[in-house]
Amino acid sequence: MRYCVGLHSGGVKYADSAGGFSYEDSGKLLSVTSNRFIHWSTSGDMVQFVEQSLDTNLLNNAVRLHIPNCLLLPGGVSIQETLNNVIILIVTSQAVHRLVLPHPTHMYRSDLVTELQMQSIFTDIGKLNLNEPAHSYVLPFVQGTPATAPSTSAAWISHQGEAVFTLASPSGGITVVTLPAHDQDGTVSILELKQSSMMQRLAGWMPTAIRGDQSISDLAISLAVHQLEDDTFIFALCQDHKLRMWSFKHQMCLLVTDMLDYMPAGRGEVKASPAQAHKLRLFFSSSTGLCLAIYLAVPKGSQFCVLQLVASENNRYSLDHISTQFTTQETLVDFVLTASDIWAVWLDNDNQTVVKYISFEHSTAGMWNQVFVQPSPEEEVHVGEDQDPRIYKRGTERYSDLSWEELKKEVTVTVENELQGSVTEYEFCQEDYRLLQVEFWSKFYACCLQYQDVLSTPLALHISPATAMVCVLKKGFVSFLLPCFAVDHLYLSSDEYLFSEEETPIAEDSNLSRDVLQLIQCLRMVSESLPEDMAYEMDKALEDLLSPEKVSEKVLEGLLANDNENVIQDILNKLQDISNPTVAINTLLRELDLEADAETESRPTGQSLRVRISLSQLYGSSVAASLICQAVCQTAMTRTLLCRDLLILQQLYLRIGDNVSGAQLLQLQQDLIPRCSSLLCSYHLLKQMSLTLSSSVPLDILNADLQHLSVLELSDSTIPTSMLNPQTVVELFYQNVARKAIMSQIFSQQDVEGSQGMLHWPQMISSVLTLLCQFLWPSNPSFLFPECLMVNCQYAPLQEYARLVGPWCQVNVGSYRFVLGHCYLASGEGQKALQCFQEAAAEVDKEDFLMKLMGSDEEAVTATAPRLLYYNKVLRLLEDIGLPELVINLATLAISEAANDERSQAALWTRIFKHHLDLGHNSQAYEALTQNPDSSRQLDCLRQLVVVLCERAQLRDLVQFSFVDLHDEVVNIIESRARAVDLMTHNYYELLYAFHINRHNYRKAGTVMFEYGMRLGREVRTLRGLQKQVNCYLAALNCLRLVHPDYAWIVQPSSGAAYERPGTSPKRNYDGEFAANPVSQQIDILELKDLEKEYVLARSRLTLAQQDPPSAAIAGGASSQEMVALLVQTGLFDTALTLCQTFNLSLTPVFEGLTFKCIKLQYKGDQDQTEVWNWLAANQLPTVITTKESRSVKILKYSLQ
């Protein structure tokens, strides 16, 4: 966004600056502006504003204003809030500007903002008309030369809503420009504050240097403003080292104080040179009144003076001296005064940022408190021979518009193109090419470091009055200051601070405190004496899962062997000063151990909807997640080093310890050293997880995996939410799971609405960090972190976590095996997964996570063994993923656990049967079926086996199975299927026939085929149906002929109930009416001759259908007499004669028909040639006759004979 006023700055230059603004209600939990602030930075003629929230992600929250040729003044940006608006005042070298934006409380329809993202106040800034005269004013007195450009400024909004700008001219004097309230009409006024304490309205401007009424020593180098109810004080710290206070209301200078009076020595030398870098800051509270802090920058010893403004009668004011604090730092960047402290940021001689603070009231020794700055990245990255030079690591800031994967791809292409462009040869050996890669990637890394170094230049400090949050505003980003835990504070403190410390919050007893401090000093000495290669060896040992105790012994031996400077002897001398070393070490270990005493889960306390919504958003933004998880990483790094040094020091005690008794040595060996080793591994694990990036998972894979996990019914596992990429797995855990649990625990016992829900940053963030570390701590019962990784498909980090925790952690052993098994499933390593699931089974009734897997159904839990419930869940998971072989293996194992539980055994055998059958393992499926103890399940499986094998046409397997005790059931199943399905598409009758034939039960086989034939004649009256019917009767005849004549008979299947389809109502017919009471039916016995008759009849029907296809439908149900008539009509006299002879019927109709045919042929001549020859050909003659007339007569004669 650009704004141009068409002026030029004439070569004037101002240093880059920055500042911050926190909303008045930013410390209230129930406010829309909770944890919300704005920070800005200026550079030349550009100013960038960023609104940030620690609770919600703000959209359109950054804007950059470019005001060509108008340089931003120091102190040239001021932000204030009114009831309805946020007003930004900007002072440049050429003009003043006002931006009126909506207040967040008026941007949303309700105080209950439930969205994860909210619009920033800068969303609609593009709609503002920056050229509107009511909101900008070009300074008429500035002529574009250094002599007339203002040197510093301050601005504020008056109680009447006017925008007031104060500017300090380089020639001395203070000019005040007032714009009318933004919602009122009015004119711009320009006023000048003079030494004469008069105020004059100016129509124009004449430089004071020309008028000569003020000296250059009056130049204000730092301005500050404080508003009272009816007046405004303007404080000016000038080049003559004097502080002047002007009354805006009374138009006069009320106070002049020479700041050199507060210098203990060297005043004359300082007074001779004009002040250049003095700074002035104000702080007001109702309890202390108005306090001023003045930084006096003098060559040999700068100092801070804290003064309190005291009012007396007759509008007279004076300053009471409260404190003077000296500093030896070189270049002060900025400082802030609070109610009790001075916070300051410097640049040291190495251009490194230094932040310190001091209590100006209670610091008797004048010792500044250290702020431990996050260490800079290593200048060189060691690339091993087996490593890819393209090592990617995420930075702390995320201003890129590209995703992490896109950024990596773009960087890789750029570096590889540079490498290819520099190559002149076409062929390289692999080693030479790798060296080139290392060289070019190292150059790129160096460029990144330079870029980050520039962006890390500090510009200002910002402290939120409402929350006490401290930020260092840098050129490219913001650094947040977090409170340091006591043990970390001691380990990181400088030696001079440790020597001055007399007591520590770690221990209440003074002797113990002294011992702990001595111990910490020894640890510092160990750390400083440890060479880089030994430190790397310790770190590598933790990564390779080697024993830290053994490696620390080896490192100690190396230190003793190379102790050329007697460092070990110095450490031993220092150890002599510790009166009770084991107690001091135990105290330190107890402080380092994050094992939670109480249950980490907290129950909701019935808070109101408004409170619950606010808690659901508290510290939920990407910014908050990033800085909290970076703090976890930094804490883990520090404590890893501390535990490492403590482990080496304890090994030194074991080796040489002179002032340690035998009992203490035993305690060291059996208790303290193993505990320290475990803590070292735990903090190393936290450090690795804090540095591990989460992988982006495609949405389809994520949905599929969530579908699989739904089988486990982990109902309280949070569904993944989208965040900015990249992020670490700890951030992922914090956002999705931990934050909700942490806030619930912190506020579970608080009356949030009654106490106004005040958010004190140091206290809140300490609690959040502690609880988050406890959730991550592997020795705590909580298993939320690995569970979160599993739910979010972070399988590679989860495998690494399980690998690192495996050898030494004795908590949640089974749970780790389970999630590791799930990782193996995701990577397609089924057998490894099965092994892990089996190993986890031993812990199912001991660990919360595995007990949660078994479900909450109390009846099921009490009725079934825990392991069986666990196995059922895993089996369902494996089934859902589609791994039948693993299901079979695990179910087989589970059967051994269900020795006394027939119900579970039946379910498992059913599962095994199903998957064997699905895989085509017919024999194994049959074996599983026979093992099933539940007869109803066994029958279901048997029915399924029959149906599936029939559908697959694997009838040989089905027929050859023995079915020892299930023979009748198999027959019944096949019979019921045969009678229930379509005859022409399924061959269940033929299967049943083969089944009986295979068992030499020929009469049963004949019965089956006879029934099949009967149904075909009744239901399938087609040519094909008649053909199958003839074959069925022929097969039935063959079966009975194989039986002894005395047993060659069958029971004729009834035409009623036997053919009713399964599932029909026994009480009602097809019309729904009550059926008649069944009557007893006579049983008909069919012998061989009866079957032969049925065969002849069926054969005659087939012959008729073959001669005259349309007659097949009629012939299918015709009796023997009817068939004779049909056959004669069609001309099949031979077949008709055979049928009459078989059924003892009269031959008269046959001869009558044949005679009629003969007569008809004699008179009809050559008509219907085709039809005549067809019926003549269908009758058999012993000789060949050439004419149809003679042939018909011959047939008649032959038949009569």
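How far apart are the end C-alpha atoms of helix 4, and what should its 26 residues span at 1.5 Å a residue? Helix 4 covers residues 430-455, and its end C-alpha atoms lie 37 Å apart, which agrees with the 38 Å that it should span. The expected span is 1.5 Å times one less than the number of residues.

## What you are looking at

This is a predicted model, in which local features need pLDDT of at least 70 and side-chain atom pairs count only at pLDDT 80 or more, while totals for chains, interfaces and linings use all residues. Residues are numbered from 1 along each chain as its sequence is written, and side-chain values use heavy atoms, with hydrogens and water left out.

The protein chain holds 40 helices and 32 strands. Helices (H or I, at least four residues) and strands (E, at least two) are DSSP runs, numbered from the N terminus. Of the 1201 residues in the chain, 50% are buried. Here, buried means under 20% relative accessible area, exposed means over 50%, and partly exposed lies in between (1.4 Å probe, protein chains only). Contacts are counted when heavy atoms come within 4.5 Å. Among contacts between residues at least 6 apart in sequence, 61% join residues at least 24 apart.

An α-helix has 3.6 residues a turn, so residues three or four places apart point the same way.

Helix 25 (residues 884-897) has 14 residues, and from its first C-alpha to its last it reaches 20 Å, close to the 20 Å expected. Its buried residues are P884, L886, V887, I888, L890, A891, A894 and I895. They pack against helix 20 (813-826), helix 21 (830-840), helix 24 (866-881) and helix 26 (902-919).

## Helices in pairs

The table sets out two packed pairs. Axes are lines fitted to C-alpha atoms, for helices over the stretch in contact, and angles run from 0 to 180 degrees between N-to-C directions.

| Helix pair | Angle | Axis separation |
|---|---|---|
| Helix 8 (532-543) and helix 9 (548-561) | about 170 degrees | 10 Å |
| Helix 16 (729-747) and helix 18 (784-791) | about 95 degrees | 10 Å |

Angles under 35 degrees count as roughly parallel, over 145 as roughly antiparallel, 65 to 115 as roughly perpendicular and the rest as oblique. Helix 8 and helix 9 are therefore roughly antiparallel. Where they meet, helix 8 brings M534, E537, M538, A541 and L542, and helix 9 brings P548, V551, S552, K554, V555, G558 and L559. This contact divides into 8 nonpolar, 2 polar and 2 charged residues. In this scheme Ala, Val, Leu, Ile, Met, Phe, Trp, Tyr, Cys and Pro are nonpolar, Asp, Glu, Lys and Arg are charged, and the others, Gly among them, are polar.

Helix 16 and helix 18, in turn, are roughly perpendicular to each other. V729, V730, L732, F733, N736 and V737 of helix 16 meet L784, F785, C788 and L789 of helix 18. By class, that contact has 9 nonpolar residues, 1 polar residue and no charged ones.

## Strands side by side

Two strands pair if DSSP finds at least two bridges between them. Strand 8 (residues 95-102) pairs with strand 10 over 3 bridges, and H97 has S136 in strand 10 as its bridge partner.

Another open sheet is formed by 3 strands in the order 28-29-30, again with antiparallel pairing. Its edge strands are strand 28 (458-463) and strand 30 (478-481), each pairing on one side only. Neighbouring strands of this sheet are turned by 20 degrees against each other on average, direction ignored. Strand 29 (residues 470-474) and strand 30 share 4 bridges, and the bridge partner of C471 in strand 30 is F480.

Strand 24 (residues 331-337) and strand 25 form a hairpin with 3 residues between them. The two run antiparallel and are joined by 6 bridges, with F335 opposite A344 in strand 25.
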